[in-house]
Amino acid sequence: MTIGETVVSSGALAALRAGVRGQVLFPGEDGYDAARTVWNGMIDRRPALIIRAAGVADVIAAVNFARETSLVFSVRGGGHNATGSAVADGGLMLDMSLMKGIRVDPEGRTVRAEAGCLWGDLDHETQAFGLAVTGGQVSDTGIGGLTLGGGVGHLMRLLGATVDNLLSVDLVTAGGRLLTVDSEHHPDLFWAVRGGGGNFGVVTSFEYRLHPVGPIILGGMLLYPAEQAAEILRFYREWMADAPDELCVTVALMTAPPAPFVPESLRLQPAVGVIVCYVGDIETGQQLIAPLRAALPPAADLTGPMPYTVLQSLIDDAAPWHQQVFLKAANLTGLSDDVIDTIVQYGTHLTSPLSIVPLNPWGGAISRVPEDATALGHRDTAFSVYIFAVWPDPADSERHMAWARSFHEALRPHMNGTYVNELGQEGRVAEAYPPATYARLVEVKNRYDPTNFFHMNQNIKPTV
Ligand SMILES: Cc1cc2nc3c(=O)[nH]c(=O)nc-3n(C[C@H](O)[C@H](O)[C@H](O)COP(=O)(O)OP(=O)(O)OC[C@H]3O[C@@H](n4cnc5c(N)ncnc54)[C@H](O)[C@@H]3O)c2cc1C
């Protein structure tokens with residue numbers, strides 16, 4: 001049989017099938033199409049085979065098989081990366097999604113989670129004990145890709161990035177060896193996997209430090225018509241500059257959903273969502289939101305005490321699967337009037353009602369970790385902006401992509417790099433790291449993956 005460009009004997013294939021406890025799927029087999037599908041509907045790639053790992057032994061078998069047959073190798077965690085790097089066309093895709101084991105240690109406040117977990121899975125288990133770690137803002141994002149790129153979310157100002165709470169990983173190298181990687185074992189690799197993406201190996205499980213969060217927090221969204229976007233962003237700039245770490249506010253330029261909670265006049269109209277997360281005493285949180293409500297009364301106010309897990313899935317519907325997605329992003333050192341004007345100009349003229357432009361505030365704990373402590377780049381960022389152009393019809397791509405490109409170009413003079421997980425289809429990996437960080441990542445890549453076996457990612461190219 002020919003796989004990719006390699007002729008593989010039926011004996012070798014039989015051995016692979018026998019040696020994998022999970023599933024080995026070829027084109028046409030049941031489950032193949034579902035497994036190769038990722039969040040961005042623009043990605044329609046067909047791996048020569050898919051291995052759905054049930055455990056570490058399957059991961060080792062997949063890595064060894066791909067290396068021995070020279071197949072391009074990719075790893076799928078939650079399938080959320082807009083670039084589709086999880087899916088190797090004509091190669092071997094390793095699907096981690098069956099590996100969902102989670103063990104919480106409530107006393108020691110740690111959790112070990114297998115790499116196929118989504119943030120909703122992890123939050124579900126840790127919140128049973130009122131504990132959490134910084135995670136993604138959309139609950140079906142994979143912990144794998146998100147953590148390896150750094151990890152930002154509602155808790156980053158309070159607890160730092162996801163990687164600031166990473167204690168260890170189990171990782172399978174390009175040579176098929178399992179390593180336990182932490183601050184004492186392979187510290188160079190431990191530094192690199194905290195922000196360097198999937199460049200260094202397949203992580204089979206992550207161990208995180210947990211913190212008391214909720215389970216009831218103050219959260220939810222205030223909704224405004226787009227005409228107020230500039231005023232909101234100016235207020236937001238000052239608000240976040242003085243905000244305590246416990247408060248994190250995401251502002252999203254979007255189209256108001258046709259939902260019952262939205263006033264009729266605003267449904268399907270350009271709008272601004274202000275998404276609040278306050279971890280702490282509810283009354284104190286209310287006092288922190290009060291100035292916004294007083295200065296800019298919202299058209300709809302959906303904030304209040306809620307389970308942290310509800311906040312963590314609040315915007316899931318704003319990130320639907322199977323749409324065409326083109327992503328650009330920028331880290332900013334501040335929201336100058338010029339930047340605000342640009343964001344308002346483009347963000348209130350979305351070319352598709354599915355498009356969305358969220359801004360996240362950095363600062364707080366994430367900014368107090370030294371830049372060289374982990375590979376996550378640009379900790380001096382004040383706000384990050386994600387430009388998600390999202391539309392249903394593949395034949396209608398040009399104008400949506402042109403809008404996103406033009407928006408991004410207008411922000412470029414104000415950019416402080418880009419968050420690696422949001423580089424999108426056209427981002428350059430060097431933008432995600434200051435030069436010294438990038439050089440150190442190359443050194444670690446040279447040491448652990450000199451042949452660039454792991455290149456389906458935001459790739460750090462080896463130089464040996
Ligand atoms: C709607 C949406 C919301 C998002 N929200 C956030 C957010 O709140 N915070 C944030 O930080 N990011 C966010 N992101 C970005 C997200 O972190 C990245 O897209 C990330 O790559 C997703 O991880 P995944 O496992 O789902 O991705 P996948 O597409 O499955 O994988 C992407 C890449 O990650 C690597 N990878 C994944 N798992 C492993 C593993 N086990 N071992 C080695 N490499 C692996 C591989 O290189 C792979 O190509 C969001 C993205 C989207 C689309």
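**Reading strands, sheets and a loop**

Visitor: Which residue in S8 is the bridge partner of aspartate 105?

Guide: Threonine 110 is the bridge partner in S8. This is a predicted model, where local features need pLDDT of at least 70, side-chain atom pairs count only at pLDDT 80 or more, and totals for chains, interfaces and linings use all residues. Residues are numbered from 1 along each chain as its sequence is written.

Visitor: How many bridges join S7 to S8?

Guide: Two strands pair if DSSP finds at least two bridges between them; strands (E, at least two residues) and helices (H or I, at least four) are DSSP runs numbered from the N terminus. Here, four bridges join S7 to strand S8 (residues 110-114), and the two run antiparallel.

Visitor: What is the order of the five strands in their open sheet?

Guide: The order is S7-S8-S12-S10-S11, with antiparallel pairing. At the edges, strand S7 (102-105) and strand S11 (178-182) each pair on one side only.

Visitor: Which strands pair in the parallel sense?

Guide: Strand S4 (residues 49-52) and strand S6 (residues 92-95) do, over four bridges.

Visitor: Is aspartate 30 buried or exposed?

Guide: Buried takes 20 or more other C-beta atoms within 10 Å, exposed 12 or fewer, partly exposed in between. Aspartate 30 counts as exposed because it has 8 C-beta neighbours inside 10 Å. Aspartate 30 sits in the loop between S3 and helix H2 (32-36).
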